[in-house]
Amino acid sequence: MSHSADSELILTPLHALHLELGARMVPFAGYAMPVQYPKGILAEHLHTRQSAGLFDISHMGQVALRGDDAAAALETLVPMDIQGLPEGKQRYALFTNEQGGVLDDLMVIPRQRADGAGQELFLIVNAACKVQDVALLQTLSDRCEVVPLPEQALLALQGPQAVQTFARLVPEAADLVFMTGRWMDVPAEGGAIRIFATRSGYTGEDGLEISVTAADAQRLARLLLSLPEVEPIGLGARDTLRLEAGLCLYGHDIDTSTTPVEAGLTWAIQKVRRNGGARAGGFPGAEVILSQIDQPNLAPRRRIGLIGLDRTPVREGTELLAADGRSAGRVSSGSFAPSAGGPVAMAYVAAEFAVPAGTLYAQVRGRAVPMQLQPMPFVPHRYWRG
């Protein structure tokens, strides 16, 4: 990458540390990000599945919504129950458009403000969408205060040993269960580091996502990397881990052309926002989305999981054909999956082809590569639910 191209990229607060650790940096969503470290993607993936991996996800957007009306206001943009969320309980949410398509996916948690002056909704949105997401949230500014938090960095510590390792520093971290969060102080040389941590992540493993000021990010990262279980992990392994976990990547497996029902995300829409619920509808695309929930045959496509029957990796965009040669759909994400032991893919196919254990044929360089439909996740989730 030339210096001129590099200079236009935004650097995260951990940029110097990535270079020091020998990371190979790539452009991603306008940021210079580590795709891998010297041990390589395969080793990093397996380390995260076995121990604890540290990810820099500071490119993600962090936003606070403040004011008594914030939860009700946010419900005009998402089909989720936000008003029913207790403090410290996190929820996965989707911004939708008038056609029922997905504008972005995000995490929401009510928490105490850092200054102690009451409560706020803390949101984490995707890097590539954060400018448009903040603009969308600003449409609520007559009902609540919209406060972007660009001075915050974000780290993810993921893997079966992540939380017990972190709890050696901060014992109360072990009290969190999946999709809950709290403020904590991490004892460190030079003074305690104030963080907000949630027991969540995007690898399918147990772990934490940690919001910390940019000023303290490198100090915290070095402290975590000094723990024997923890190794740095790049974007390459983050992608193979989330794919094995059957988790959607915005812009690939969900976008403005996919509805939550087609994407298999109906579980994320609580009953209170569905037809017959106390606060049914009232979000963009409600008519389309709620009618598809009530009558699934109205959703023309389905997101499915596929596992390769030979060793050929099948990439995003690959066409899938049925045995009789009819076009069935396209792959939205695909890779060799180290923990699943072979190639896996997510795809959108016409509803008639979404049959359990059915076989479809991926068109790879003129070859028909057989792939079998398989329920996701490809590797079992290991979230700690208490």
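Two strands pair if DSSP finds at least two bridges between them. Strands, for their part, are DSSP runs (E, at least two residues), helices are runs too (H or I, at least four), and both are numbered from the N terminus. Everything below comes from a predicted model, in which local features need pLDDT of at least 70, side-chain atom pairs count only at pLDDT 80 or more, and totals for chains, interfaces and linings use all residues. Residues are numbered from 1 along each chain as its sequence is written, and side-chain values use heavy atoms, with hydrogens and water left out.

**View 1. Strand 5 and its two neighbours.** Strand 5 covers residues 61-66. Four bridges tie strand 5 to strand 9 (residues 145-148), and the two run antiparallel. Across that pairing, R66 sits opposite E145 in strand 9. Strand 5 also pairs with strand 8 (residues 119-125), again in the antiparallel sense, over six bridges. Here L65 has L121 of strand 8 as its bridge partner.

**View 2. Both faces of strand 5.** In a regular strand the side chains alternate between the two faces of the sheet. How many of the six residues of strand 5 are buried? Six of six are, where buried means under 20% relative accessible area, exposed over 50% and partly exposed in between (1.4 Å probe, protein chains only). G61, V63 and L65 are on one side, Q62, A64 and R66 on the other, and both faces are covered.

View 3. Axes are lines fitted to C-alpha atoms, for helices over the stretch in contact, and angles run from 0 to 180 degrees between N-to-C directions.

View 4. Another set of strands closes into a barrel, in the order 15-18-17-16-19-20, with antiparallel pairing. The twist here averages 45 degrees from one strand to the next. Strand 15 (residues 301-308) and strand 20 (residues 367-373) pair over three bridges in the antiparallel sense. I307 has Q372 in strand 20 as its bridge partner. Helix 8 packs on the sheet, touching strand 17 (327-337) and strand 18 (342-350), and its direction makes about 125 degrees with that of strand 17.

**View 5. Helix 3 against helix 8.** Helix 3 (residues 41-50) and helix 8 (residues 235-244) pack at about 50 degrees, their axes 8 Å apart. Which residues of helix 3 meet helix 8? I41, E44, H45, T48 and R49 do, and their counterparts in helix 8 are G236, A237, T240, L241 and E244.

**View 6. L154 in strand 10.** L154 lies in strand 10 (residues 152-158). L154 counts as buried because its relative accessibility is 0%. Leaving out residues up to four places away in sequence, L154 touches F55, D56, I57, S58, M60, Q62, I124, I210 and S211, with contact meaning heavy atoms within 4.5 Å.
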